[in-house]
Amino acid sequence: MKKSIWIIIGILAVIVLWAVKANNSINIKHENATSKWANVQADYQRRKDVVEQAINVVKGAGNYERGTLEAVIKARNDAPQLNADDLSEENIAKFQAAYDKMSQEMARAIKVTVERYPELTATKNYQDFQTSIEGCENRINMSRKMFNEAVQDYNTCIKMFPRSIIASMFGHKSMGYFQASEGAENAPSTEALL
């Protein structure tokens, strides 16, 4: 009788240790995805900062359309931050839509300004802006890719049996992915935008 109790205790101990290890590995994958999300947000913040610089470049050129710049400023200010605790597909889509709108407004504003004031394209600040915006877009794309890879790793982990049991016991939820924006397959280059 005593031997069977020790066997049962041993089996339960192994199960508990496995559950703890499984939960810890899920938490590590979640933290990795959260870290990647922070990188995405940092890159979007950098884009916002570059937009601020672009506004100053256009203002510095002396002639600008106040309404055009106000649209860019409003879009920049409306771009949200998304809490890493709620990375659902719906929230990521809202986040992405707001930043897509900001990019469209910025592109439209700069294009209108350059068409009306072609001497602006010859300024060093404007050329620096073009380089900065290209760099921002590249960073954002890489961060999104790395975030999606981390989310895939995490989501796969919590959906595979038997970890799915542990994940549901501890309230781990799937994270959302960045999806391509509508019309993204026809994304223009920065030269076409500007």
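Rings of Phe, Tyr and Trp (for Trp, its six-membered ring) count as a pair if their centres lie within 6.5 Å; planes under 30 degrees apart are called stacked, over 60 edge-to-face, and the rest tilted. By that rule, this structure holds one aromatic pair. Select Trp37 and Phe147: the ring centres sit 5.2 Å apart with the planes at 55 degrees, so the pair is tilted. Now colour by helix and you'll see that this pair links distant parts of the chain, with Trp37 in helix H1 (residues 2-60) and Phe147 in helix H4 (residues 124-159), 110 residues apart. Helices here are DSSP runs of H or I, at least four residues long, while strands are runs of E of at least two, and both are numbered from the N terminus.

Before moving on, some housekeeping. This is a predicted model, in which local features need pLDDT of at least 70 and side-chain atom pairs count only at pLDDT 80 or more, while totals for chains, interfaces and linings use all residues. Residues are numbered from 1 along each chain as its sequence is written, and side-chain values use heavy atoms, leaving out hydrogens and water.

Buried means under 20% relative accessible area, exposed means over 50%, and partly exposed is in between (1.4 Å probe, protein chains only).

Next, charges. A salt bridge here is a side-chain nitrogen of Lys or Arg within 4 Å of a carboxyl oxygen of Asp or Glu, and the structure holds two of them.

Pick Asp153 and Lys29 to start: their closest N and O atoms are 3.1 Å apart.

Then select Glu149 and Lys145, whose side chains meet in a salt bridge at 2.7 Å, N to O. Both residues lie in helix H4, four residues apart, which is about one turn of the helix. Glu149 is partly exposed at 41% relative accessible area, and Lys145 is partly exposed at 44%.

Last stop: Met169. Where does Met169 sit? Look in helix H5 (residues 163-169). Met169 has a relative accessible area of 56%, so it counts as exposed.
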